[in-house]
Amino acid sequence: VAVDGGFMRSAIFDLDGTLVDTSADLLAAANAVFESWSMGSPLGEGDEIIAFGGGRAMLRAGLMRLGHPVDEDKLSAGYQPLLSHYRDNIDHFSRVYPGVEGALDNLRRAGWKLGVCTNKPQALADILLSKLGLAAYFPVVLGADALAVRKPDPLHLTETIARLGGAAGRGVLIGDTITDHSTARAAGMPSVLVTFGPNAAACRALVPDALLDNFAALPHILDRLMPA
C-alpha cells in the first residue's frame, strides 16, 4: 500500500475523557480555587462531565451550586490559578483508560498515524501525555491554543491530520462529546465515541459511526470504518 497522504490512515484522539480520565485532578484544581476564596469544595464525585467541560465550566458550576453570582470577572480571576494548580498536580489522580496502550500499539503496527486533537491547552496536554507515558505514540498533538480556532472548528482536526502527513478523507476522530462528533461531521470524517465515560448516554444519542465500549475493540472498529 502506498504511504503518501492519500493512502495513509490517521486515527485522531481527543484527550480528556477519551484516552485519560482526568476528571479528579481537574475537579481538585477547581476546588483549590474555591478554597482560596474561602468557599469550601463544592465539586466532587458525580461532576465528571462538568470537569471535562474545562476550567471556566467548573468555576461557573461551583459558583452556581454555592448560590454566588456568576460573573466573567470572577471566572477570569480564578482561571489562571486553576490552571496553575492543575499543572502542578496534573497526574495525581488521572489514569489512562484500560487497554489504551495495547490498542495504540496495534494501530501503530498496522500503519495508522496517531495524533491528538484536544481543547486542553497545548502545554498541559503535552505535560499530561508525557507524565502518563503516552507522548511517544503521538508525533502530533494540537491543543486548544495551537491554532486560531479549536474544536468544533474542523480546521483543528484537519490540521492535526495534515501535520501527520495524512489526508482528511482517510482520518477518523475518536472522542467523548458532541464537540468531537460535530468536529468530525464538519470535516466530513467518521466519528467514534466512547461509552465508558460519564457522557455515555449522550454519546449513544448522537448515533456516531461507531461506539467504543472498550479499547480492545478499537483496531477492528477503525479497520471497518477505514479499510486499508
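Two strands count as paired if DSSP finds at least two bridges between them, and strands themselves are DSSP runs of E with at least two residues, just as helices are runs of H or I with at least four, numbered from the N terminus. The model is a predicted one, where local features need pLDDT of at least 70, side-chain atom pairs count only at pLDDT 80 or more, and totals for chains, interfaces and linings use all residues. Residues are numbered from 1 along each chain as its sequence is written, and side-chain values use heavy atoms, with hydrogens and water left out.

On to the sheet. It is open and made of six strands, in the order β5-β4-β1-β6-β7-β8, with parallel pairing. At the edges sit β5 (140-142) and β8 (210-212), each of which pairs on one side only. From one strand to the next, the twist averages 25 degrees (axes are lines fitted to C-alpha atoms, for helices over the stretch in contact, and angles run from 0 to 180 degrees between N-to-C directions). Strand β7 (residues 191-194) is joined to β8 by three bridges, and here Leu 193 stands opposite Leu 211.

Helix α7 (residues 154-164) touches β1 (10-13), β4 (113-117), β5 and β6 (171-175), contact meaning heavy atoms within 4.5 Å. The direction of α7 makes about 145 degrees with that of β4. Helix α10 (residues 218-225), meanwhile, lies across β1, β6, β7 and β8 and runs at about 170 degrees to β8.
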